[in-house]
Amino acid sequence: MKKSLFKTFFGIFALLASSGFALAQEVSPIPKASNEWRFEVTPYLWLTGIKGTMNFDNGLAKSADFTSSDVLSNLKSGGMIAAEAHKGNWGIMGDVISATLQKSGSVPVAGGTATVADRVTLQQTILTGAATYTLANTKDAYVDALLGVRSINVTATLFGNLVGTAEKESISKTTSTIDPIIGAKGRYRIADSTWYIPAYADIGGGGGTTNLTWQAMAGVGKSFGSLIDASLTYRALYYDMKSGGVLQKTTMQGPQVAITFKF
């Protein structure tokens, strides 16, 4: 089912990208700021790999290593969607990621008296919300500045022979934090065509548990008339939490395929 979902997203993108709609040839991929409301809703699939360290209150530490290549087999559940609303130069945006990753097998665990874990589970919900203001809006480029917050609720769970005995047990830890962020997003039109380069970047931290968080994304996209965009990008999200946080210098990164519906 998970592989079918990825094939569906990628198939739609490939179909749109290979189509020769006459309407698309006449429409610019650069949005225009106006006094009329405009909206975008973007369901997407982010095949994120995760590298870093998950820390637990009892001193156990586990290196997180979920690669993009096997994320579909590790993904137990999840949903990803973004949305924007604009009027004039002002706007609001939101992004929701909810995912549960689980990796099974003989996994060494460092710290304390732990020996091995049979299963590592990472549950996370990431919410990003921001107000935006249009800084540039030409025929070839569109840039918004953004100011907002990102929250993350992450639970890491180890299950196995965690105390060096035959008895198996489960240990988990949850961290929730909200951090202010500042950044920019936009797109650049490629050679007066309907193709464009989407880009996003933000940075923040200091909201409690987090020392530093940043996010970046870039890739290629194409507009199909005034109603649909499709994009294929590479996205990275970084968290460096304080000693009490689950994620220690952890990077989530991988390819992302998205379909945007414009109203």
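Let's start with Arg187: its charged end sits over the ring of Tyr196, 3.9 Å from the ring centre. By "over a ring" I mean that NZ of Lys or CZ of Arg is within 6 Å of the ring centre and within 35 degrees of the ring normal. Arg235 does this too, lying over the face of Trp46 at 4.6 Å from the ring centre.

A quick word on the source: this is a predicted model, where local features need pLDDT of at least 70, side-chain atom pairs count only at pLDDT 80 or more, and totals for chains, interfaces and linings use all residues. Residues are numbered from 1 along each chain as its sequence is written, and side-chain values use heavy atoms, with hydrogens and water left out.

Staying with rings, how many aromatic pairs does a search of the whole structure find? There are 3, where a pair means rings of Phe, Tyr and Trp (its six-membered ring) with centres within 6.5 Å, counted as stacked with planes under 30 degrees apart, edge-to-face over 60 and tilted for the rest. Trp37 and Phe39 make a stacked pair, 5.8 Å centre to centre with 10° between the planes. Phe39 counts as partly exposed because its relative accessibility is 38%; buried is under 20% relative accessible area and exposed over 50%, with partly exposed in between, using a 1.4 Å probe and protein chains only.

Now the inside. The largest nonpolar core has 22 residues, and Leu247 and Met252 touch the most other members. Such a core is a set of buried Ala, Val, Leu, Ile, Met, Phe, Trp, Tyr and Cys residues joined through side-chain atoms within 4.5 Å. Strands giving two or more residues to this core include E1 (38-46), E6 (116-137) and E12 (247-262), and E7 gives the most, with 4 residues. Strands here are DSSP runs of E, at least two residues, numbered from the N terminus.

Beyond its neighbours within four places in sequence, Leu247 is in contact with residues including Met54, Ile152, Tyr239 and Met252, contact meaning heavy atoms within 4.5 Å. Met54 belongs to strand E2 and counts as buried, because its relative accessibility is 1%. The C-alpha atoms of Met54 and Val246 are 5.1 Å apart, although 192 residues separate them along the chain.

Last, the backbone. Lys249, in strand E12, has phi near 45°, a positive value in a residue other than glycine. Is Lys249 buried or exposed? It counts as exposed, because its relative accessibility is 55%. Asp192 also has a positive phi, near 55°, and lies in the loop between strands E8 (169-189) and E9 (195-204).
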